[in-house]
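Work through the two exercises below with the model open. Try each task before reading its solution.

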Amino acid sequence: MAPQRFDLTGRIALVTGSSRGIGLALARGLGEAGARILLNARDAARTEAAAQALRDDGLDALACPFDVTDPQEVADGLANCEQLMGPLDILINNAGIQRRGPLLDMPEETWAEVLDTNLTAVFRVGREAARRMASRKRGKIINIASLMSEVARPGVAPYAAAKGGVRLLTRAMCVEWAPLGINVNAIGPGYFATELNADLVADATFDAWIRARTPAGRWGKVDELVGAAVFLASDAASFVHGQVLYVDGGVLAGL
Ligand code: GCO
């Protein structure tokens, strides 16, 4: 039995972009730690299917679909979340997209789409959640950054720019919202075998490069991110503020 400090029993958590991949794994993990889970994605049917799968496994989960890139949908969505389940204790800002291509040829709309989803939406959903949490002087916000909050590689400039922004937005949120009783931190995943990276996993050359570049010698498994999320969402991290916890198999540790 985990010590009380890691217990999330009764805490209400919203995870954006949680119909699959890292978001779904984090939602499941918070649920297994006792939290009541609100799943979110744009696709209502897929979000409901994911919530049903968690309920089938005995977890307390509901679907709350909305588009994190639409300000009105975010405002209405957070209100709906609290009507569905109650006051929000935990937000994981996970929703994100990847659009790869050479920066020289990067279309304006591609750049804007990535920055809007991966950075501006973190601000937008975070602001809405923080307004609610501040009234209760209590809350946990966990932004999903990336090892690309620190380093880049060719072909992912908008993603890296956005995730670099998430690192400093996390600190900006911290310095304004810690006095309001809200812990804001981030998790920085390394390379994980998810739908977002399916093409990379299938590319034998990239797969070999990542395995050689990662001291742990392999891709991460999405459930290996759960411990960091439960820790940052729990009372065990009550004095942890403004940090990015990298879960990257050691990639950022060396050349
Ligand atoms: C890529 C990948 C990365 C991943 C990685 C870092 O094209 O290099 O999509 O951007 O997101 O898991 O978070």
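## Exercise 1: a helix pair

α1 and α8 are oblique to each other, because oblique is what remains once angles under 35 degrees (roughly parallel), over 145 (roughly antiparallel) and 65 to 115 (roughly perpendicular) are taken out. This is a predicted model, where local features need pLDDT of at least 70, side-chain atom pairs count only at pLDDT 80 or more, and totals for chains, interfaces and linings use all residues. Residues are numbered from 1 along each chain as its sequence is written, and side-chain values use heavy atoms, without hydrogens and water.

**Task.** Find the crossing angle of α1 and α8, and the residues that meet.

**Solution.**
1. Take α1 as residues 21–32 and α8 as residues 226–233. Helices are DSSP runs (H or I, at least four residues), numbered from the N terminus.
2. Their axes come within 9 Å and cross at roughly 55°.
3. List the contacts (heavy atoms within 4.5 Å). A25, L26, G29 and L30 of α1 meet V226, A229, V230 and A233 of α8.
4. Sort these residues: seven are nonpolar, one is polar and none is charged.

## Exercise 2: the largest pocket

**Task.** What is the volume of the largest pocket, and which residues are closest to its centre?

**Solution.**
1. The largest pocket holds about 860 Å³ of space.
2. Its lining has 42 residues, and N94, A95, G96, I97 and L196 are the closest to its centre.
3. α1, α4 (108–136) and α5 (157–177) each supply at least two lining residues. The largest share, three residues, comes from α1.

Methods
Axes fitted to C-alpha atoms, helices over the stretch in contact; angles between N-to-C directions. Nonpolar A, V, L, I, M, F, W, Y, C, P; charged D, E, K, R; others polar. 1 Å grid on protein atoms, 1.4 Å probe; cavity = no way out; pocket = protein on both sides within 12 Å on 5 of 7 lines; lining within 4 Å. Points joined across faces, edges and corners; volume = space filled by probe spheres on them.
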